[in-house]
Amino acid sequence: MISTTFNRYIWLANTLIQNKRLTFEEICRKWEHSSLSEGKPLSLRTFHMHRKAVEELFQIDILCDASDGYKYYIEDLSSLREDKTRIWLLNSFSTVNLITEGREMKERIVLEDIPEGSSYLQTLIESMKQNRILFITYRPFHEKNETCYQVHAYCLRIYKQRWYILGYCEELKGIRHFSLDRIQNINIIEKYFDYPTDFSPENYYRDTIGIWVNEKIKPEKIIIRAFGMQSDYLRTLPLHRSQKEINTTNTYCDFEYHICITRNLISELLAKSNTIQVLKPESLRQEMKKCLNNMSNLYK
């Protein structure tokens with residue numbers, strides 16, 4: 001269980017993220033309505049202790065603007081919102097915090113199941129911090145037997161509720177993904193690797209959707225037409241970072257992308273097949289038709 005003190009740090013960070021600027025008195029009033037207060041007021045000394053802890057734990061600087069009524073705020077909030085790792089950590093801790101503090105609400109909070117494998121995260125992060133090679137025993141879905149690999153761990157990624165480790169595999173002589181729920185055993189060995197200075201996980205995934213990257217495939221201009229509320233869904237949760245809205249009518253909207261055509265992209269489009277239409281390129285249109293025909297044949 002996360003300690004009550006740690007939960008208070010998370011509460012303070014989230015309160016300022018949500019409200020942007022608050023005086024100490026306003027923070028105290030919000031504290032009084034929190035289950036973490038246990039009916040006790042927030043002293044100025046405790047507030048500054050929590051403020052310092054938030055800065056050290058999450059690298060979030062909380063400043064005070066004397067010219068604006070001595071309001072406290074998070075420095076460079078926009079950069080924090082763009083830092084996916086820190087926001088993910090805060091959100092994860094906040095969820096645990098809410099469930100722990102509100103036990104009577106546990107049955108009314110429905111979470112998605114995550115496959116096995118998250119227990120390996122500590123080992124993987126230690127490997128990345130020390131640049132030490134992993135010895136992995138792995139069995140993919142399409143194989144009956146296990147195979148052992150030596151992997152240089154570059155980064156971790158979540159996709160469709162699954163954790164993946166991305167890195168250079170010595171046996172396969174290239175960059176590969178390994179799903180944590182298919183790992184049978186994992187150990188850090190006494191061998192080190194050099195993390196490539198020109199490698200960026202963000203750039204590696206830049207032109208694709210999902211987990212699989214084929215460096216031989218180049219990104220293409222793709223245009224899809226979204227009907228009805230699907231347009232709003234795409235506006236609030238873009239299919240890809242390159243998304244641009246290029247045409248809008250009362251019944252549909254056209255979105256343009258610069259992206260690689262992969263099986264993950266096709267799967268995403270098929271999941272929306274009754275609310276979107278691929279306009280370009282023709283090769284993707286034909287692939288969609290083929291998949292939809294195969295799907296139709298299953299119901300004949």
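This briefing walks through a pocket, some salt bridges and a few surface spots in the structure above. Keep in mind that you're looking at a predicted model. There are 15 salt bridges in the structure, and the second largest pocket holds about 690 Å³ of space.

**The second largest pocket**

- Rolling a probe the size of a water molecule over the atoms shows where empty space is left.
- For the second largest pocket, that space comes to about 690 Å³.
- The lining has 26 residues, and the closest to the pocket's centre are Tyr-138, Tyr-164, His-177, Trp-212 and Arg-263.
- Strand E7 supplies the largest share, with five residues.
- Sort the lining by class and you get 13 nonpolar, five polar and eight charged residues.

- Side chains of opposite charge can pair when their charged atoms come close.
- Arg-21 has a relative accessible area of 33%, so it counts as partly exposed.
- Asp-68 is partly exposed too, with a relative accessible area of 31%.

**Salt bridges: Glu-190 and Arg-132**

- Glu-190 and Arg-132 bring their side chains together in a salt bridge, at 2.8 Å from N to O.
- Glu-190 belongs to strand E8 (residues 183-192) and Arg-132 to strand E4 (residues 132-138), so this pair ties together parts that are 58 residues apart in sequence.

**Salt bridges: Arg-162 and Asp-181**

- Arg-162 pairs up with Asp-181 in another salt bridge, and the closest N and O atoms are 3.1 Å apart.
- This pair also links distant parts of the chain, 19 residues apart: Arg-162 is in strand E6, and Asp-181 is in the loop between E7 and E8.
- Arg-162 comes out at 27% relative accessibility, so it counts as partly exposed.
- Asp-181 is at 16%, and because buried means under 20%, Asp-181 counts as buried.
- Back to Arg-21 for a moment: salt bridges with shared partners join Arg-21, Asp-65 and Asp-68 into one network.

**Spots on the surface**

- Which residues form a nonpolar patch on the surface? They are Leu-292, Met-295, Leu-298 and Tyr-299, and together they have about 480 Å² of accessible area.
- Met-295 lies in helix H10 (residues 282-298), and its 36% relative accessibility makes it partly exposed.
- Gln-59 is found in the loop between helix H3 (44-58) and strand E2 (62-65).
- With 53% relative accessibility, Gln-59 counts as exposed.
- Gln-59 and Leu-80 are 21 residues apart along the chain, and their C-alpha atoms are separated by 9.3 Å.

Technical notes
Residues are numbered from 1 along each chain as its sequence is written. This is a predicted model: local features need pLDDT of at least 70, side-chain atom pairs count only at pLDDT 80 or more; totals for chains, interfaces and linings use all residues. Side-chain values use heavy atoms; hydrogens and water are left out. On a 1 Å grid over the protein atoms alone, a cavity is a set of points where a 1.4 Å probe fits but cannot get out, and a pocket is an open set with protein on both sides within 12 Å along at least five of seven lines; lining residues have an atom within 4 Å of a point. Grid points are joined across faces, edges and corners, and a volume is the space filled by probe spheres set on the points. Helices (H or I, at least four residues) and strands (E, at least two) are DSSP runs, numbered from the N terminus. Ala, Val, Leu, Ile, Met, Phe, Trp, Tyr, Cys and Pro count as nonpolar, Asp, Glu, Lys and Arg as charged, and the others, Gly among them, as polar. Patches are made of residues with over 30% relative accessible area and no salt bridge: like charges are joined within 9 Å, nonpolar side chains (Val, Leu, Ile, Met, Phe, Trp, Tyr) within 5 Å. Accessible areas come from the Shrake-Rupley method with a 1.4 Å probe; for residues, only the protein chains shown count as cover. A salt bridge is a side-chain nitrogen of Lys or Arg within 4 Å of a carboxyl oxygen of Asp or Glu. Buried means under 20% relative accessible area, exposed over 50%, partly exposed in between (1.4 Å probe, protein chains only).
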